[in-house]
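Visitor: I would like to learn how to read a structure like this one. Could you take me through some of its features in turn?

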Amino acid sequence: MKKKSFGSRIIAAPYIVWAAIFVIVPLIIMAYFALTDANGAFTLANLAGIGKYKKAFAVSILYAVIATIITLLLAYPMAYFMTKMKISSQRMIMLIVMLPMWMNFLIRTYSWITILANTGLINTFLSKIGLKPLQLINTPGAVILGMVYDFIPYMILPIYSVMSKIDKSLLEAAEDLGANGKARLHRVIFPLSLPGVISGITMVFVPSVSTFYISQKLGGNKNLLIGDAIEFLFNNGPDYYNVASALSMVLMVLILISLAVMNRFSDGDEGGVVI
Amino acid sequence: MKKENIVELKNISVNFDGEQILNGLNLDIRDKEFITLLGPSGCGKTTTLRLIAGFLEPDSGDIMFEGKKINGVPAYKRQVNTIFQRYALFPHLNVYENVAFGLRIKKLKESEIKQKVTEMLALVNLSGFEKRHIDTLSGGQQQRVAIARAIANMPKVLLLDEPLAALDLKLRKDMQKELKKIQQQLGITFIFVTHDQEEALTMSDRVVVMDGGKIQQVGTPQDIYNEPENAFVADFIGESNIFDGIMKEDYRVELSGYTFECLDKGFSANEPVDVVVRPEDVDIVSPEKGMLTGTVTSVAFLGVHYEIIVDIGGFKWMIQTTDEHKVNDTVGLFIEPDAIHIMKKSEYSGKYGDYSSYSEEMEHLSDVTAEE
């Protein structure tokens, strides 16, 4: 590797310090707690004990997969039609997509309660027009809805940005070679937008699988997610730090494995996934 | 032998944002010919090509293909293929799959596709490159893939949009020969767009010179060089000395105060005309033998010949000669009757002055400005 100049090292220094303090050190602390007992002695008991949380892991992954698929199915056509619009309309839609991201995540989730609750907006409306109320809140569907709603911008943005950079002359070339609209989408646009899709999947799946709060507020704690379990344990005080850290570590490893699998799909292509 | 027209453009007009790009264009393109649309940036040549390809619809006028009107037929249904200026190869596919693209859309059998792709890659000298990724190819190789991909579909007409503009000079010359060879081998119509007059002259059966959204002249390369129809064509194709002259009577034209013999007739007496004299057609003789005399103001050595500028009564002539002359020499000019070409006055008359502001450098700079 080429030796870096002194100047470029000075410029990079703050970022290295930043990364050390806020990424490396927390990871070390997490690993330390995960591999020690309450007295600070080395143990694997914490890791061995995560079997109790098998169901939470399974539910988390299942919900995250479902939420990611729904998000993709909604976001892909949206990004596609956005690229076909006038530039001014594209900017407008982009703003609308990003607007919710400027609001606090907790508030956004909380507001769904007022919509889905048994006496919320939807059910009030249904009873007004003489229909039976629906059980919307405290269902798996509500949790997945919350995930989709909270994370969809992270799917739309990377897909849109990759798709809008596809060279228009490639589409002309495809049309010239006999490809109608469907064939152009299938043979040119989709393969070329894959890096965006993979980025989007990663950026939705990772927060979905590790999320907490959404399930507490919208799922009524019926199906504990792994993120909730970790939060719950930490809130119970220092005695539970070790188990909570072990859970965090296992979750992290699971996420890394799924990232590696995702990267497989886009291997060789420029840089792969942007996280 | 009468050749059939494969493409006919009838009274085509195109406007973009109120600007007229094509203005009542009429053009018949014959089957199996190599025809070049030549003109400066913005003359409408690429627009014409896109009309035939189907990427653009005319505001008025008809496009005929094999005698049938094809206005409104989408590009993917037309039996023409295009080679794009920047190749537009699919970056997610390898060489083989790029060439096979059109064949897969036609749902050909895998064995047929393989045979066709192999044949096409052999034709463009890229056998063995099947598995290569597009990014790993040089510009010239990408160009060949683009050619193979377009002709694999066996189009009746191949459209080429400045395909050689991005290649360096040496490669461009080779590709010119190769394209011509491929055209003859396949026996299909090539419609070639370029702003490079030399390219147009070397490759084409016929050249269409365009400017301002109109066709200025259609003819064989010899025709448009030797018999330009107006001052624009004379200036755009090769080097020309263009003068205001007076047609005294048939076969006699006056310019720079001297009455020359020429081969042109059919003008009214004393009709003002444009006169073209090519720099290579002027003989330099001693002042006393010359029809005109003047002073050499600049000399440039170009290898094969010298390019000298001679001031005659304030008008700077460009003359190409193999003899050496020095600046400030007084020389005589001798012009044979067949070196003089007379043109009717046109909207371009007077737009092209003499060589007083001429500079080699400028000429080269303006050559490389490719059309967007």
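Guide: What follows goes through chain A, the sheets of chain B, and then the interface.
This is a predicted model, in which local features need pLDDT of at least 70 and side-chain atom pairs count only at pLDDT 80 or more, while totals for chains, interfaces and linings use all residues. Residues are numbered from 1 along each chain as its sequence is written, chains are lettered from A and ligands numbered from 1 in the order in which they are written, and side-chain values use heavy atoms, with hydrogens and water left out.

Visitor: How many helices and strands are there in chain A?

Guide: Helices (H or I, at least four residues) and strands (E, at least two) are DSSP runs, numbered from the N terminus. Chain A has twelve helices and zero strands. The C-alpha trace of chain A spans about 75 × 70 × 30 Å along its principal axes.

Visitor: What share of the residues of chain A count as buried?

Guide: Buried means under 20% relative accessible area, exposed over 50%, and partly exposed in between (1.4 Å probe, protein chains only). By that rule, 39% of the 275 residues of chain A are buried. Contact is a separate idea: it means heavy atoms within 4.5 Å. Among the contacts in chain A with a separation of 6 or more, 69% come from residues 24 or more positions apart.

Visitor: Where is Asn180(A) placed?

Guide: Asn180(A) lies in the loop between helix H8 (168-176) and helix H9 (181-210) of chain A. With a relative accessible area of 32%, Asn180(A) is partly exposed. The side chain of Asn180(A) reaches the backbone nitrogen of Ala183(A) at 3.0 Å. A polar contact is a pair of N or O atoms within 3.5 Å; within protein, one must be able to donate a hydrogen and the other to accept it, and residues adjacent in sequence count only if both atoms are side-chain atoms. Asn180(A) and Thr202(A) are 22 residues apart in sequence and 31 Å apart in space, C-alpha to C-alpha.

Visitor: Now chain B. In what order do the four strands of the open sheet run?

Guide: Strands of a sheet pair through backbone hydrogen bonds, either parallel or antiparallel. Two strands are called paired if DSSP finds at least two bridges between them. In chain B, four strands form an open sheet in the order S2-S1-S4-S5, with antiparallel pairing. Its edge strands, S2 (19-30) and S5 (68-69) of chain B, each pair on one side only. Strand S1 (residues 5-16) of chain B is joined to S2(B) by eight bridges, and Leu9(B) stands opposite Leu27(B) in S2(B).

Visitor: Why is S3(B) described as largely enclosed?

Guide: Five of the five residues of strand S3 (residues 34-38) of chain B are buried, so S3(B) is largely enclosed by the rest of the structure. Phe34(B), Thr36(B) and Leu38(B) point one way from S3(B), and Ile35(B) and Leu37(B) the other way.

Visitor: What do S17(B) and S18(B) form?

Guide: S17(B) and S18(B) form a hairpin with two residues between them, and Gly313(B) in the turn has a positive phi of about 55 degrees. Strand S17 (residues 306-312) of chain B pairs with S18(B) in the antiparallel sense over seven bridges; Ile309(B) stands opposite Met318(B).

Visitor: How is the interface of the two chains read?

Guide: The size of an interface is often given as the accessible area lost when the parts come together. Buried area is the accessible area (1.4 Å probe) that two parts lose on being put together, summed over both. Between chain B and chain A about 1700 Å² is buried, with carbon and sulfur atoms giving 64%. Tyr76(B), His92(B) and Ile105(B) supply 33% of the area that chain B buries against chain A, more than any other three residues.

Visitor: Which side chains meet in a salt bridge?

Guide: A salt bridge is a side-chain nitrogen of Lys or Arg within 4 Å of a carboxyl oxygen of Asp or Glu. The rule finds one across this interface, where the side chains of Arg50(B) and Glu172(A) meet (2.6 Å, N to O).
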